[in-house]
Amino acid sequence: MAIHERIRNHALRDRVVTAEAAAALIQDGMVVGMSGFTRAGEAKAVPLALAARARAEPLKITLMTGASLGNDIDRLLTEAGALARRMPFQSDAGLRRAINAGEVMFIDQHLSETVEQLRSRQIAPVDIAVVEAVAILPDGGIVPTTSVGNSASFAILAEKVIVEINLSQPMWLEGLHDIYIPQRRPARMPIPVVSTDSRVGLPYIPIPAEKIAAIVVTQNADSSSTVLPPDAETAAIAGHLTELLKHEVRQGRLDETLAPLQAGIGTIANAVMHGLIDSPFHDLRMYSEVLQDSTFELFDAGKLGFASGASMTLSAPCQQRVMADFGRYKNRLILRPQEISNHPEVIRRLGIIAVNTALEFDLYGNVNSTHVAGTRMMNGIGGSGDFARNAWLSVFVTKSVAKAGAISSVVPFVSHVDHTEHDVDILVTEQGLADLRGLAPRERAPLIIANCVHPDYRDMARDYLDRATARGGHTPHLIEEALGWHQRLEATGSMRG
Ligand code: COA
């Protein structure tokens with residue numbers, strides 16, 4: 001396709017430059033807001049030019065994105081020493097190492113909050129935005145690609161914008177996006193999203209053409225998702241959750257179309273959604289953050305009516321299938337800014353069933369989604385807190401053990417708290433499900449042990465609970481032993497000892 005069909009403002013065609021020339025606009029110490037959300041729609045050329053420069057001269061930036069980036073961009077920027085600070089989410093092994101070594105300051109944020117803090121100047125402003133686009137409209141408006149993430153607010157709030165026109169991103173993405181930006185306080189109105197398919201904004205990011213300082217033409221594809229296919233354990237988790245949802249229908253709290261569904265990132269949450277293919281539910285809706293393979297599998301199975309998200313992150317085979325026949329899906333999809341896909345106001349209004357993944361949870365329902373053994377960052381809280389806190393039903397899933405059984409994912413006390421017991425309704429492992437609604441801590445713990453703990457750890461958990469309960473308290477604990485399983489893991493390589 002000719003470039004003029006992509007850059008529809010004639011005057012802007014003069015601003016097409018090399019990635020190196022565009023990256024030269026970024027100076028040491030700047031705050032840079034880049035597109036990209038869970039490996040979808042990230043700027044692909046300018047960050048690499050920036051990494052090359054950082055290898056040759058002192059250059060460190062604060063990098064904000066929507067969420068994680070594909071094409072190894074976080075790794076390459078880290079290896080080049082280009083990152084001083086990084087927010088609000090990442091999932092790269094190299095960057096994770098640098099964060100845990102204290103070399104990169106990582107600000108792990110609720111994904112709905114970053115642009116809210118930027119807009120109200122609670123954090124340092126974005127100097128320059130770098131946004132991947134399908135097209136630039138005659139008035140300068142930017143049509144994003146496979147994610148919206150934080151791109152709209154970055155572009156609106158930054159002084160200058162670099163646009164990467166990606167020729168490999170198909171034109172039919174145009175029209176998929178719904179860009180709504182909340183008004184400034186005190187004149188802010190309610191966000192008018194009242195159902196998963198509400199269109200309340202513009203199909204492009206509205207910025208004046210003058211703000212576009214450089215345009216770079218690229219053609220690298222998005223990276224594929226890394227989620228693994230469902231296995232016996234994730235299928236068992238999905239089975240337990242399906243039984244619970246059937247129970248909710250029998251109780252008259254839901255009908256067979258359920259409530260709008262949110263599924264977290266990763267293999268387990270994807271597999272749980274996949275499990276709904278073989279359920280009696282129908283005409284489902286998703287109001288989620290990342291649309292993964294399972295979204296399109298549910299469409300294909302005739303189970304899903306509509307899906308709203310902030311990005312689409314698919315495996316290579318699913319991507320091929322969906323891209324080849326996108327017309328089938330397009331009018332049943334919306335991509336929104338993550339501030340809206342994850343907004344507490346909307347999540348509470350729609351009454352969402354939120355399914356997110358824990359690294360570990362404890363006997364009372366506190367959940368750790370981010371820190372291995374209490375100290376080492378995995379990926380970040382992402383949107384799990386936005387959804388868990390405000391959902392109609394907040395579910396956390398995990399396999400009962402990790403690392404070939406050396407780690408129990410159910411522990412006496414979580415080693416880091418992302419979601420407090422107050423934000424968690426249902427816990428599920430392949431062993432079973434614990435429905436915590438309406439239960440006091442002393443009622444929760446025996447249920448979690450009986451239903452969720454792996455048999456190898458059940459006696460240890462019961463012993464801890466019995467001795468803690470004998471000592472008393474509303475939430476019984478042996479404070480000196482509460483992290484004893486983690487200590488044993490650090491000392492011996494196994495929680496079993
Ligand atoms: N202690 C240490 N490691 C653990 C663990 C524990 N208690 N539980 C799981 N792990 C390890 C697994 O062994 C696996 O390691 P590997 O990559 O070396 O094989 C890794 O964590 C991922 O676990 P997996 O079982 O494959 O689950 P996943 O892909 O579904 O990811 C999270 C799980 C928690 C890491 C991921 O969901 C996440 O980052 N969540 C937080 C953000 C979030 O929820 N966002 C969604 C909001 S929309």
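**Helix packing**

Modeller: Helices α9 and α10 pack with their axes 8 Å apart, at an angle of about 5°. Axes here are lines fitted to C-alpha atoms, for helices over the stretch in contact, and angles run from 0 to 180 degrees between N-to-C directions. Helices (H or I, at least four residues) and strands (E, at least two) are DSSP runs, numbered from the N terminus.

Colleague: What kind of model is it, and how is the numbering done?

Modeller: This is a predicted model, where local features need pLDDT of at least 70, side-chain atom pairs count only at pLDDT 80 or more, and totals for chains, interfaces and linings use all residues. Residues are numbered from 1 along each chain as its sequence is written, and side-chain values use heavy atoms, with hydrogens and water left out.

Colleague: OK. Are α9 and α10 roughly parallel or roughly antiparallel to each other?

Modeller: Roughly parallel. Angles under 35 degrees count as that, over 145 as roughly antiparallel, 65 to 115 as roughly perpendicular and the rest as oblique.

Colleague: Which residues of α9 and α10 meet?

Modeller: From α9, Asn270, Met273 and His274 meet Asp293, Ser294, Glu297 and Leu298 of α10; contact means heavy atoms within 4.5 Å. The residues of that contact divide into two nonpolar, three polar and two charged. For the classes, Ala, Val, Leu, Ile, Met, Phe, Trp, Tyr, Cys and Pro count as nonpolar, Asp, Glu, Lys and Arg as charged, and the others, Gly among them, as polar.

Colleague: And α8 against α9, at what angle do the axes cross?

Modeller: Roughly 55°, with the axes of α8 (residues 232–250) and α9 (residues 267–274) coming within 8 Å. That makes α8 oblique to α9. The crossing of these two, α8 and α9, is right-handed: a crossing is left-handed if the near helix is turned anticlockwise from the far one by less than a right angle, and right-handed if clockwise.

Colleague: What does the α8 contact with α9 consist of?

Modeller: Thr234, Ile237, Ala238 and Leu241 on the α8 side, and Ile268, Ala271 and Val272 on the α9 side. By class, the contact of α8 with α9 has six nonpolar, one polar and no charged residues.

Colleague: Switching to the ligand. How many residues surround the ligand?

Modeller: 22, the closest being Glu289, Leu359, Met378, Asn379 and Lys403; a residue counts if one of its heavy atoms lies within 4 Å.

Colleague: Any N or O pairs there?

Modeller: An N or O atom in the side chain of Asn379 is 2.7 Å from a ligand oxygen atom. For Lys403, a polar side-chain atom lies 2.8 Å from an oxygen atom of the ligand. Ile268 uses a backbone N or O atom, 3.2 Å from an oxygen atom of the ligand.

Colleague: Last topic, the backbone. Which peptide bonds are cis?

Modeller: Met87 and Pro88 are joined by a cis peptide bond, with omega about 0°, and Pro88 lies in the loop between β3 (83–87) and α5 (93–100). The bond from Arg185 to Pro186 is also cis, omega near 5°.

How values were computed
A polar contact is a pair of N or O atoms within 3.5 Å; within protein, one must be able to donate a hydrogen and the other to accept it, and residues adjacent in sequence count only if both atoms are side-chain atoms.
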